[in-house]
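Colleague: I would like to go through the labels on this model. Please show it to me first.

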Amino acid sequence: MAGNTRRPGAVRKAGSKKGAQVGTGGHGRKSLEGKGPTPKAEDRTYHPAHKRKAAAEKREAVETQRGASKGVVRGTRRPTGGAEVVAGRNAVLEALRTDVPVTAVHLAARIDHDDRTREILELASTRSVQLLEVSRTELDHLTEGSVHQGVAAQVPPYDYADVDDLLDAAAQAGQAPLIVALDGVTDPRNLGAVLRSAGAFGAHGVIVPSRRSAGVTASAWKVSAGAAARVPVAKVTNLSRALTDLKKSGAFVVGLDAGGDTEVRDLAFATDPLVLVVGSEGHGLSRLVRETCDAVASIPISSDVESLNAGVAAGITLYEVAQARRTAAE
């Protein structure tokens, strides 16, 4: 029968069954041990990817040497450590023009220069600001996808003062303290405008809450036109408590609000230690802060205008206070 027919010359091993396949029995397992994962293509010397990587590293070394000869250091993106990043040619140029404390300027490799980038390089060199040449991909990461036009700058975190530092500054100048406190002002440009007015009219500092308030950012630096470097800013956890402590130290606290009891030009405390509290546009002073004030003053305005922003209100009031103090000193 066909099922029992043997092929000529076929030999069956002893003890084996027809159709059984002989396995390794684990004898080949050792040959598979210790080899580890397959190396990346760029790490295999015979692979084209390895050659491309080596060529790229060589080009980078050449560019680094070329950049160093121009005073530009090529580097990768570094953690900002809390620093703010200013992106764009106009923004970086304005920051350098207005003495914002820029610590580093990042330039894209092989950037197409124009008048703005040339002035950026000149100002950075004059101020001894570090220049870093990076790839556009690194700039994208640094600016978190913002439009950077091949240029970005880093501004260090602002070093806030204590409220006592503001009082000490007044004592050293031999003057009655004049401080501006901001209540709920969230626009850094308004803070910058307040700093500019504070510097122009002799205020000894500005107080901002740590929550729901603008901080000293690059935008505030630019609007302040350098006043942020001269007028200290103190950050407090609780504005109402800070105002209460200032009252205990002998200062009068006056809030600015459209529904005030008196006009700023008639302010009775102008020549005394004074804290002016400016509320947010639209919302004004918060309830607790208003209750803490010794008086609430207003600026007479046209009925067609609902309110003034914080920067304008602070500037007008500081001018009136400065005039009153100048008159009293004569």
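Colleague: What makes the contact of Asp187 and Arg189 a salt bridge?

Modeller: This is a predicted model, and the call rests on a distance. The side chains of Asp187 and Arg189 meet at 3.1 Å, N to O. The cut-off is within 4 Å, between a side-chain nitrogen of Lys or Arg and a carboxyl oxygen of Asp or Glu. The pair of Asp187 and Arg189 is therefore a salt bridge.

Colleague: Why is Arg189 called exposed?

Modeller: Arg189 has 52% relative accessibility. Exposed means over 50%, so Arg189 counts as exposed. Asp187 has a relative accessible area of 25%. Buried would be under 20%, so Asp187 is called partly exposed.

Colleague: How many salt bridges does the structure hold?

Modeller: Nine. One of them joins Asp115 and Arg118, at 3.4 Å from N to O.

Colleague: How far apart along the helix are Asp115 and Arg118?

Modeller: They are three residues apart in helix α3, which means a separation of about one helical turn. Asp115 is exposed, at 63%. Arg118 has 47% relative accessibility and counts as partly exposed.

Colleague: What makes Asp257 and Arg290 a salt bridge?

Modeller: Their closest N and O atoms are 3.3 Å apart. The limit is within 4 Å, so the pair qualifies.

Colleague: Why do you say that this pair ties parts together?

Modeller: Asp257 lies in the loop between β9 (252-256) and β10 (262-263). Arg290 is in helix α9 (residues 287-292). The parts are 33 residues apart in sequence, so the pair ties them together. Arg290 is partly exposed, with a relative accessible area of 34%.

Colleague: Which residues do salt bridges that share partners join into one network?

Modeller: Arg89, Asp114 and Arg116. Arg89 in α2 and Arg116 in α3 also belong to the contact of these helices.

Colleague: How do you know that α2 and α3 meet?

Modeller: Contact means heavy atoms within 4.5 Å. Arg89, Asn90, Val92, Leu93, Leu96 and Arg97 in α2 meet residues of α3, among them Ile120 and Leu123. The contact residues divide into six nonpolar, two polar and four charged.

Colleague: At what angle do the axes of α2 and α3 cross?

Modeller: Roughly 30 degrees, for helix α2 (residues 89-97) and helix α3 (residues 115-126). Their axes come within 10 Å. The crossing is left-handed.

Notes:
Residues are numbered from 1 along each chain as its sequence is written. This is a predicted model: local features need pLDDT of at least 70, side-chain atom pairs count only at pLDDT 80 or more; totals for chains, interfaces and linings use all residues. Side-chain values use heavy atoms; hydrogens and water are left out. Axes are lines fitted to C-alpha atoms, for helices over the stretch in contact, and angles run from 0 to 180 degrees between N-to-C directions. Helices (H or I, at least four residues) and strands (E, at least two) are DSSP runs, numbered from the N terminus. A crossing is left-handed if the near helix is turned anticlockwise from the far one by less than a right angle, and right-handed if clockwise. Ala, Val, Leu, Ile, Met, Phe, Trp, Tyr, Cys and Pro count as nonpolar, Asp, Glu, Lys and Arg as charged, and the others, Gly among them, as polar. Buried means under 20% relative accessible area, exposed over 50%, partly exposed in between (1.4 Å probe, protein chains only).
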